[in-house]
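Hi,

Here is the structure I promised to pass on. Have a look at it first, and then read my notes below.

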Amino acid sequence: MPQYRSALRSALRSASRPALRPALALGATAALLLAGCAAPAPERTPAAVPRPPATSTPAPDPQAVEPLGPTGEVEMLVSGLSAPWSVVPLANGSALITERDGARILEATASGEVREVGTVPGVVPGGEGGLLGIAVPEGGAPVVYAYFTAADDNRIVRLPLGGGAGSLTLGEVEEVLTGIPKNTTHNGGRIAFGPDGMLYATVGDAQQVDAAQDPASLSGKILRMTPDGAAPDDNPMPGSLVYSMGHRNPQGLAWDSEGGMWAAEFGQNTWDELNRIEPGANYGWPIVEGEGGDDRFVDPVVQWATDDASPSGIAIVGGTVFIANLRGERLWAVDVDGGEPRPSFVGELGRLRDAVAAPDGSLWMLTNNTDGRGAPREGDDRLVRIELGPAA
C-alpha cells in the first residue's frame, strides 16, 4: 500500500472500480508473465473509432485545482496496437502513438482513421528499449521529437511532420542528443516540452546504478535542454544538461498549473515513487530507495509498494496527477495539494503505459499488454478515453 510523508501517512481508503461500458467489459486480471528481456511483439493492425462528440456536461477546467477522478466512462479510441509506449495529441485533432518494437509512429484522427505515419530509422529494440517517448512543441514548425534506443546508445531526434490531419508524413531524422547510455532495462525514455519551452527527458540508470550519483553522467537523471539539444544558460550546473539526479528509472513527466514539475519513477524491490522535481535536487538512488529521511536527498511525495504501482506515464489535469501503472494494473490519482491517493481500474484494463491530458479535459490512457510481460485481452493494446469529474 502507498506510504506518505507526515500528514499523508493515514491508511489508504478503498475505492470502487469504475464501471466499464459493455464494449470494453473485461474479465478478471490474468496473472502477469514473468519476463526478463521481452521478445518483440508481433506487428498488429490497429483500428480506430471516431472520438465521441462533446456532451452537455462541461469538461473540467484543466487550470482548476479541484481534485478530479474518473467518472466511470471508458471509451475505446484505438485497438490492435503492438507494445505502444507514448501518445501525444496534436493541434490538428489527430494523435500520434509510438510502438516500441516496430519503431512505428501512428496517426489516429478524430474521425476514426488510424494509419502509419512512418518508421523511425535507427531504432534497435530489445528488452525495454526501442521507440519510446515522443513530444511535439507548442506552436512553431510542425515537428515531432522522439527518444529511442539505437545500436550503441539511447538518443533524442526530431523529424519534420509534413501533410495535414489524416496524411501526416515524417521527414529526415535530425539528431538532437546522442550518447545517452542504454541497456536492456532502465532506459527511461519519456520526453516532454515544459511550460518554459525547453525539452525535458527522463533517463534511467541503464543498470549502472552508481552513475545516478555522478553529475558528469547522463544516466539516472532528468535532463533539460533547448529544442536543439544544448544546455540552457539557467540550468542548475553551467554547461550541463542535468536538471535533477539520483533517479533509477523515471518514465513519467508532467507539470501542474503553477509550473511545478512532477515525475514518476520505478524503484527496485521496495518502493516506487512520485516526486516533485526541483532544479538541481538529488532524489537519492541508489543510496536511498523511497523515503530515506536523509537531508542530502529529496523524499518522494508518495511511495508505493512495487506490486501496487510500477509507474510509467503521468498526466496532470486540474489539481490531480494521474499515474499509469504497469505491474499494479491501475490508475493512481494524487492531488497536488495532498490527500490520500485514489486507485481506479484495478485489474480492469491490464498494464497501463501512458496517461495524457486530452484537449477536451478528459484523460487518454495506453494499455501495455502485448509487450511480452502482460496477458493480452481481445483488442489489445488500446488507446482509451476516460471522462473526468470531481473526485468523490
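Is A83 buried or exposed? A83 is buried, with a relative accessible area of 1% (buried means under 20%, exposed over 50%, partly exposed in between, with a 1.4 Å probe and protein chains only).

Before you go on: this is a predicted model, where local features need pLDDT of at least 70, side-chain atom pairs count only at pLDDT 80 or more, and totals for chains, interfaces and linings use all residues. Residues are numbered from 1 along each chain as its sequence is written, and side-chain values use heavy atoms, with hydrogens and water left out.

Most residues other than glycine have a negative phi, and most peptide bonds are trans. A83, not a glycine, has a positive phi of about 45°, and it sits in the loop between β3 (68-79) and β4 (strands are DSSP runs of E, at least two residues, numbered from the N terminus). F345 also has a positive phi, near 60°. You'll find F345 in the loop between β24 (342-344) and β25, and it counts as buried at 1% relative accessibility.

There are cis peptide bonds to look at as well. One runs from W285 to P286, with omega near 5°, and P286 is in the loop between β19 (271-277) and β20 (302-305). Another goes from D380 to D381, with omega near -10°; D381 belongs to the loop between β26 (363-367) and β27 (383-390).

How values were computed. Helices (H or I, at least four residues) and strands (E, at least two) are DSSP runs, numbered from the N terminus.
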